[in-house]
Amino acid sequence: MYQAPLPREYADLTPDAADARIQAAKQKLGSRLVILGHHYQRDEIIRHADFRGDSYKLAKDATNCPDADFIVFCGVHFMAESADILTSDHQQVILPNLAAGCSMADMANAFQIRNCWRDLEKVLGHSMSVIPVTYINSAATLKAFVGERGGTVCTSTNAPTAVRWALEQGEKVLFFPDQHLGRNTGVLLGYDAEADMCVWDPFKPLGGNTPEKILSSKFILWKGHCSVHQRFTPELVHKAREEHPGVQVLVHPECPLETVNLSDFNGSTEKIIKVIQEAPSGSTWAVGTEINLVNRLAQEHPDKTVFCLDPQICPCSTMYRIHPSFLCWVLERLVEGEVVNVVKVPESTKHYASVALKRMLTVCA
Ligand code: 13P
Ligand code: SF4
């Protein structure tokens, strides 16, 4: 989405000044304000968050703040949309920089998904038993699509539970937009990455598949990926093991299957944090996820060696758009009585998107 440039006063703020002004505005707003921060946010932002978490935890945290008028979401657009869907009408969700999207979420849109569904109906028949599952990293319109067709949302924390549930409701799962999380989850549940799965490329007829392949697949995986996590290749795992004997490898399930297979552990950002917290002193960890989180883990655990699996720095460029100057700007506007950068999901989308999100919270409670 488009974000207008910051007023000069904010663009020129020094880090110390931004920090002090954010704290002052927070104090003035008191309990009317809650700041949520995703683990990939930079330290200068995360220190101001009332709640930190992965996508699943933050979605639940948003529902647990019924008294806050303003929920400032330091994360990306789909997270703010989910918070808006799950919170009351009197609450407003604010994204400090509207240009903070997610390139993976942008790899599937409602038009493409409807076309895919129509094609699947042609191959499988109108009474086809396909349950759509969307990763929370998707637009609200996709969540609504899923909610309307008996499917659910999932996150990296609960994907196995959500997908197992979906396979109890129907014969096949259409999983979007992240092929890697879909494939890793299917394999975890005992399915074969080749025989039981096909990849749906929205730019090819029938997604690039034959009707036979679609008929024999249990999982139809959308051809989307995260550009940050796709960089964690099996070669990097081999290199880390060669250079750091005894290292343990811990990756996010948005990484390719071959990388996940070679790792010692995989899981959501919340799980990554827990594994490092519980690791013994003196242990060594190569972590395959976004650099802000890896650096924070290294700082918070000086008794352990924690480094990024990819020596080339790998930030999520959209998460990074939540700069302290933007946070300062939205908070000071609130103090002045002006609400800027509200993320509001249209009512027509909200109903079924809410069905899908609440189904996830129930199924995966
Ligand atoms: P988590 O839900 O694990 O925090 O992941 C969100 C995300 O965008 C990872 O790239
Ligand atoms: Fe999206 Fe990847 Fe950034 Fe997560 S790390 S918000 S999936 S682009």
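The model is predicted. Leu-206 sits in the loop between strand 8 (197-200) and helix 10 (211-216). Its phi is positive, about 50°, although the residue is not a glycine. Most residues other than glycine have a negative phi, and most peptide bonds are trans. Asn-341 also has a positive phi, near 60°, and is likewise a residue other than glycine. Asn-341 belongs to the loop between helix 15 (324-335) and helix 16. Is Asn-341 buried or exposed? Asn-341 counts as buried because 22 C-beta neighbours lie inside 10 Å. A further backbone feature concerns a peptide bond. The bond from Phe-176 to Pro-177 is cis, with omega near -5°. Pro-177 is part of the loop between strand 7 and helix 9.

Helix 9 also takes part in a helix-helix contact. Helix 8 (residues 159-169) and helix 9 (residues 179-188) pack at an angle of about 75°. Their axes are 10 Å apart. An angle from 65 to 115 degrees counts as roughly perpendicular. The two helices, helix 8 and helix 9, are therefore roughly perpendicular to each other. Helix 8 contributes Ala-159, Pro-160 and Val-163 to the contact. Helix 9 contributes Leu-181, Thr-185 and Leu-188. By class, the contact residues of helix 8 and helix 9 comprise five nonpolar, one polar and no charged.

The buried residues of helix 8 are Ala-159, Ala-162, Val-163, Trp-165 and Ala-166. Seen down the helix axis, they fall within an arc of 155°, so they line one face of helix 8. An α-helix has 3.6 residues a turn, so residues three or four places apart point the same way. Several elements cover the buried residues of helix 8. Among them are strand 5 (130-135), strand 6 (152-154) and strand 7 (172-176). Helix 9 and helix 16 (347-363) are also included in this cover.

Helix 11 (residues 234-243) has Leu-236, Val-237 and Ala-240 as its buried residues. These three residues cover an arc of only 105° around the axis, which puts them on the same side of helix 11. The cover over the buried residues of helix 11 includes strand 10 (248-251), helix 12 (257-262) and strand 12 (284-288). Which exposed residues does the face of helix 11 turned away from its buried side carry? That face of helix 11 bears Glu-235, His-238 and Glu-242.

Two ligand shells were examined. The shell of ligand 1 consists of His-39, Asp-54, Ser-55, Tyr-56, Asn-137, Thr-155, Ser-156, Cys-226, His-252, Glu-254, Ser-268 and Thr-269. Its residues divide into two nonpolar, eight polar and two charged. Around ligand 2 are Val-76, Cys-102, Ser-103, Met-104, Asn-137, Cys-226, Val-228, Glu-254, Glu-290, Cys-316, Thr-318 and Met-319. This second shell, around ligand 2, has seven nonpolar, three polar and two charged residues.

Gln-92 belongs to strand 4 (residues 92-94). With 18 C-beta neighbours inside 10 Å, Gln-92 counts as partly exposed. Gln-92 and Val-339 are 247 residues apart along the chain, yet their C-alpha atoms are separated by 8.5 Å. Residues up to four places away in sequence aside, Gln-92 touches Asp-69, Phe-70, Val-339 and Val-342.

Ala-140 is in helix 7 (residues 140-148). It counts as buried because 25 C-beta neighbours lie inside 10 Å. Excluding neighbours within four places in sequence, Ala-140 contacts Glu-81, Ile-85, Val-345, Thr-349 and Ala-353. Ala-140 and Gly-37 are 103 residues apart in sequence and 20 Å apart in space, C-alpha to C-alpha.

Cys-364 lies in the segment after helix 16. It has 18 C-beta neighbours inside 10 Å and so counts as partly exposed. Not counting residues up to four places away in sequence, Cys-364 touches Asn-158, Thr-161 and Ala-162. Ala-162 is one of the buried residues of helix 8. Between Cys-364 and Ser-263, 101 residues apart along the chain, the C-alpha separation is 25 Å.

Note on methods:
Residues are numbered from 1 along each chain as its sequence is written. Chains are lettered from A and ligands numbered from 1 in the order in which they are written. This is a predicted model: local features need pLDDT of at least 70, side-chain atom pairs count only at pLDDT 80 or more; totals for chains, interfaces and linings use all residues. Axes are lines fitted to C-alpha atoms, for helices over the stretch in contact, and angles run from 0 to 180 degrees between N-to-C directions. Helices (H or I, at least four residues) and strands (E, at least two) are DSSP runs, numbered from the N terminus. Angles under 35 degrees count as roughly parallel, over 145 as roughly antiparallel, 65 to 115 as roughly perpendicular and the rest as oblique. Two residues are in contact if their C-beta atoms, placed from the backbone, lie within 7 Å. Ala, Val, Leu, Ile, Met, Phe, Trp, Tyr, Cys and Pro count as nonpolar, Asp, Glu, Lys and Arg as charged, and the others, Gly among them, as polar. A residue is near a molecule or strand if its C-beta atom, placed from the backbone, lies within 6 Å of it. A residue is buried if 20 or more other C-beta atoms lie within 10 Å of its own, exposed if 12 or fewer, and partly exposed in between; C-beta atoms are placed from the backbone. The arc is that of the directions from the helix axis to the C-beta atoms.
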